[in-house]
Amino acid sequence: MQIERILHSQGFGSRKDCRALIRAGRLSVNGEICDDPAAGFDPGSTDGTPGLEFSLDGELWQFRARAYLMLHKPAGYECSAKPVFHPSVFSLLPAQLLARGVQCVGRLDQDTTGLLLFSDDGQFIHRWSSGRKNIPKVYEATLKHPADERLIAQLLAGVVLHDDPVPVVAQACALPAPQCLHLTLCGGKYHQVKRMIAAASNRVEALHRSRIGGLELDPALPPGQWRWLEAADLARLEGC
Ligand code: URA
């Protein structure tokens, strides 16, 4: 594939922009400057795995036919490309990823922290979006009032939210400390955790998502940082 097309597919601008930056000598492939936009290379990947290595202005990149990533969402960011009150989670990603059209997989409230996935693969986004009923997600909620086994029993038995008479149940619940609740939910109604806990006469003071499917938020990823999902991460996601 022509290197100009490779760069374009990775979000480095229009074909014309990519041609210009290659001609300007800003690109190296396999350690050597490549200033011919028509030079052909094997991209080396047809999915989310890393392929051809290149560097642009000294920054190293690897070709990926599809983008799959995790972000450690900090509090105070909206999961929208057109945020209203807070900055967008998209402002935490590099321009190249935005240019290739990555979208977030489901949403977290602006004040919720934790694991948020992004991709430019429409089928993947559809499959893992939060409204889907068969995907467990683990949340860690800080409670306003100390709780005991009665809260766990209530959430496991199901609570009724105001927009649906059918009770919503937690798949699993644990209380490692009186004000720290770990909750596993399948499905993703609007403000589901906060509303379930309110329906059980308590209140969420802080909320963190630690897992989707079998994939944990990488403990080495600081708030506000993202990283690629590798094949092992995608396998873990499935393994729930
Ligand atoms: N449930 C909530 O209440 N908020 C979130 O951000 C996610 C789940």
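**Close-up views: salt bridges and aromatic pairs**

**View 1. R227 is partly exposed, with a relative accessible area of 23%.** The model is predicted. R227 forms a salt bridge with D233. The closest N and O atoms of R227 and D233 are 2.8 Å apart. D233 has a relative accessible area of 5%. That value is under 20%, so D233 counts as buried.

**View 2. D233 also forms a salt bridge with R236.** Here the closest N and O atoms are 3.1 Å apart. Both residues belong to helix α7, which covers residues 231-238. D233 and R236 are three residues apart, about one turn of the helix. R236 is partly exposed, at 43% relative accessible area.

**View 3. A network of salt bridges links D218, R227, D233 and R236.** D233 takes part in the bridge to R227 and in the bridge to R236. The whole structure holds 15 salt bridges by this search.

**View 4. R211 and E216 form a salt bridge.** Their closest N and O atoms lie 3.7 Å apart. The cut-off is 4 Å, so the R211 and E216 contact counts. R211 is partly exposed, with a relative accessible area of 24%. E216 is partly exposed too, at 44%.

View 5. The ring centres of F12 and F54 are 5.9 Å apart, and the planes meet at 80°, so the pair is edge-to-face. This pair links distant parts of the chain, 42 residues apart. F12 sits in the loop between α1 (3-9) and α2 (15-23). F54 sits in strand β3, residues 53-56. F12 is buried at 9% relative accessibility. F54 is buried as well, with a relative accessible area of 1%.

**View 6. F90 and F118 make an edge-to-face pair.** The centres are 5.6 Å apart and the planes stand at 80°. F90 lies in the loop between β5 (68-73) and α3 (95-99), and F118 in strand β7 (residues 112-119), so the pair ties together parts that are 28 residues apart in sequence. F90 counts as buried at 11% relative accessibility. F118 is buried, with a relative accessible area of 0%.

**View 7. F12, F54 and W61 form one aromatic cluster.**

Note on methods
Residues are numbered from 1 along each chain as its sequence is written. This is a predicted model: local features need pLDDT of at least 70, side-chain atom pairs count only at pLDDT 80 or more; totals for chains, interfaces and linings use all residues. Side-chain values use heavy atoms; hydrogens and water are left out. A salt bridge is a side-chain nitrogen of Lys or Arg within 4 Å of a carboxyl oxygen of Asp or Glu. Buried means under 20% relative accessible area, exposed over 50%, partly exposed in between (1.4 Å probe, protein chains only). Helices (H or I, at least four residues) and strands (E, at least two) are DSSP runs, numbered from the N terminus. Rings of Phe, Tyr and Trp (its six-membered ring) pair if their centres lie within 6.5 Å; planes under 30 degrees apart count as stacked, over 60 as edge-to-face and the rest as tilted.
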